[in-house]
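User: I'd like to learn how to read a protein model feature by feature. Could you walk me through this one?

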Amino acid sequence: MKIHEKYLLRCLQIAENGLGSTAPNPMVGAVITYKDQIIGEGFTSPFGGAHAEVRAIDSVTDKSLLKKATLYVTLEPCCHFGNTPPCTDKILSAGIPKIVIGLEDPHEKVGGKGIAILKNAGCEVETGILRKRCEEHHRRFLTFHKKKRPYIILKWAQSADGFMAPDPAKREATPMPYWISSPISRQLAHKWRSEEAGILVGTQTALKDNPGLDTRLWKGANPVRILIDRGLRVPDHFHIFTPGGTTMVFCATQNIPQDTGNVLYHEVSGDKPLISQLLRALWQAEIQSLIVEGGARTLAYFLDSGAWDEARIITSPDKLKRGLPAPKISKEPSAVYNSGPDGVRILRNDSEYHL
C-alpha cells in the first residue's frame, strides 16, 4: 500500500465518527504526519463546531513540527466564512507545507478555490488520492450539491414470501406497527435513521402504523420527519407530530394550514410530478439525505421515477402467506449480511435523477 493511501484510509476511518451529526457540512477526516508518524488527527464536529482540519491541527502537541508536516484530508479544505473561519487560513497560519486531498469540494463556495489558495501560498498540494473511496464516503454531500437533491435511501422489511404488510385481518384496530423484522433489526433500522437528515412516509403508513420515526432504540439525533399527506388525513395527535422534532407535511389542499410550532406545511401541485416538488423543497431545506420507510405506494413513487440511490431490504425468515406485496428490484445486491435471524440486502442505483 502506498503511503498516501495508508493515511487517507485513516482519514476515512475517523471521518465516520461524524456520521449523522455534521450535516449540512460534510463528514471529513484529517490526519497530520511527520516522518511517517501520525502527530495529529481530527474529524468534523457536529454542525456549528470546528472542521476536521482545525481539530487535527489543534491536536498536535508540538506545533513546531507542523512546518515540516503533511496534512491528509478526505475533502478539499473550505476557503469561506460560515459558522467557522476558513480552514485554508488555519492551514496556512500553521505553516503546513504539504496537503494531500482525496476529493475536490463541489460546493459553489469552494469548488477548487481552496486548492488554489493553498497552491498560490506555496504549498505542495496533491489531489485525487483514493478518489473512488472518498466519493463513496462523501456520497450524501456530493449528491446534494451536484444533483440538487437529497441522497435517497429506500428501506423496508419483508417476509420470506415477499410481503411487506399482513392481511388487514391480522392488524389491530388501534393504529400501530406490525413487526415483520426481529428486535435486533429494528435497532439496526433506528441506527440507520440516526445517520440521515430526514425520514419519509406516506399517508397510509402514518394512519396504519402511527410511527414515531425517531431513534429511540439507538443513540443519535432524530431525523426530520416528512409526511406525504395530500388530503391532511393524519390526525394531529399522532406520533409523527409530537413535539421535540420537526415535521414537514406535503399536502395538496386548497386551504393549506399555517405552520404551527414544529409542523411545517408545503403545498404540492397536481400538475407537476410529486417527487420533483418534494425533492426541491427538501433541497431548499438543506435535507442532505433521506430514508424512505414506506409504504408501498410511496416507495413506488421513488422506484418508478428512478429517484433513489440505495435500497436496504430486511427479510424475515417467517412467512405471512397473504398481505401487501413488497417492491421488487431487479438488481444484484452490493452487500448481503445477517441481522439476527433476518437477512439484509443493500442495493445500489446509479441514479442520474437530479433537479
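**Reading the pockets, the sheet and a buried arginine**

Analyst: Happy to! Let's start with a pocket: Pro24, Asn25, His80, His107 and His145 lie nearest the centre of the second largest pocket, whose lining counts 34 residues. Keep in mind that this is a predicted model.

User: How much space lies in the second largest pocket, and which helix gives the largest share of its lining?

Analyst: The space is about 690 Å³. Helix 6 provides the largest share of the lining, three residues, while helix 2, helix 6 and helix 9 (274-284) each supply at least two. By type, the lining divides into 14 nonpolar, 13 polar and seven charged residues.

User: And what is the volume of the largest pocket?

Analyst: About 1,100 Å³. Its lining has 45 residues, with Thr205, Asp209, Glu293, Gly294 and Gly295 nearest the centre. Helix 8 gives the most, five residues. The types here are 18 nonpolar, 14 polar and 13 charged.

User: How do I read a helix, then? Which residues of helix 2 are buried?

Analyst: The general idea first: an α-helix has 3.6 residues a turn, so residues three or four places apart point the same way. In helix 2 (residues 52-59), the buried residues are Ala52, Glu53, Val54, Ala56 and Ile57. They pack against strand 1 (29-34), strand 2 (37-43), strand 3 (70-73) and helix 3 (87-94).

User: Now the sheet: in what order do the nine strands come?

Analyst: The order is 11-10-9-8-12-6-13-16-15, in an open sheet with mixed pairing. Strand 11 (263-267) and strand 15 (335-339) stand at the edges with a single partner strand each, so one side of each has no neighbour in the sheet. From one strand to the next, the twist averages 20°. Helix 7 (residues 183-194) packs on this sheet, and its direction makes about 125° with that of strand 15.

User: How many bridges join strand 6 to strand 12?

Analyst: Four, and strand 6 (residues 151-158) and strand 12 (residues 289-292) run parallel.

User: Last one: is Arg140 buried or exposed?

Analyst: The cut-off for buried is under 20% relative accessible area. Arg140 has 9%, so it counts as buried. Arg140 sits in helix 6 (residues 139-147). Beyond its sequence neighbours up to four places away, Arg140 touches Leu19, Met27, Tyr151, Glu195, Glu196, Gln288, Ser289 and Arg312.

Notes
Residues are numbered from 1 along each chain as its sequence is written. This is a predicted model: local features need pLDDT of at least 70, side-chain atom pairs count only at pLDDT 80 or more; totals for chains, interfaces and linings use all residues. Side-chain values use heavy atoms; hydrogens and water are left out. Buried means under 20% relative accessible area, exposed over 50%, partly exposed in between (1.4 Å probe, protein chains only). Contact means heavy atoms within 4.5 Å. Two strands pair if DSSP finds at least two bridges between them. Axes are lines fitted to C-alpha atoms, for helices over the stretch in contact, and angles run from 0 to 180 degrees between N-to-C directions. On a 1 Å grid over the protein atoms alone, a cavity is a set of points where a 1.4 Å probe fits but cannot get out, and a pocket is an open set with protein on both sides within 12 Å along at least five of seven lines; lining residues have an atom within 4 Å of a point. Grid points are joined across faces, edges and corners, and a volume is the space filled by probe spheres set on the points. Ala, Val, Leu, Ile, Met, Phe, Trp, Tyr, Cys and Pro count as nonpolar, Asp, Glu, Lys and Arg as charged, and the others, Gly among them, as polar.
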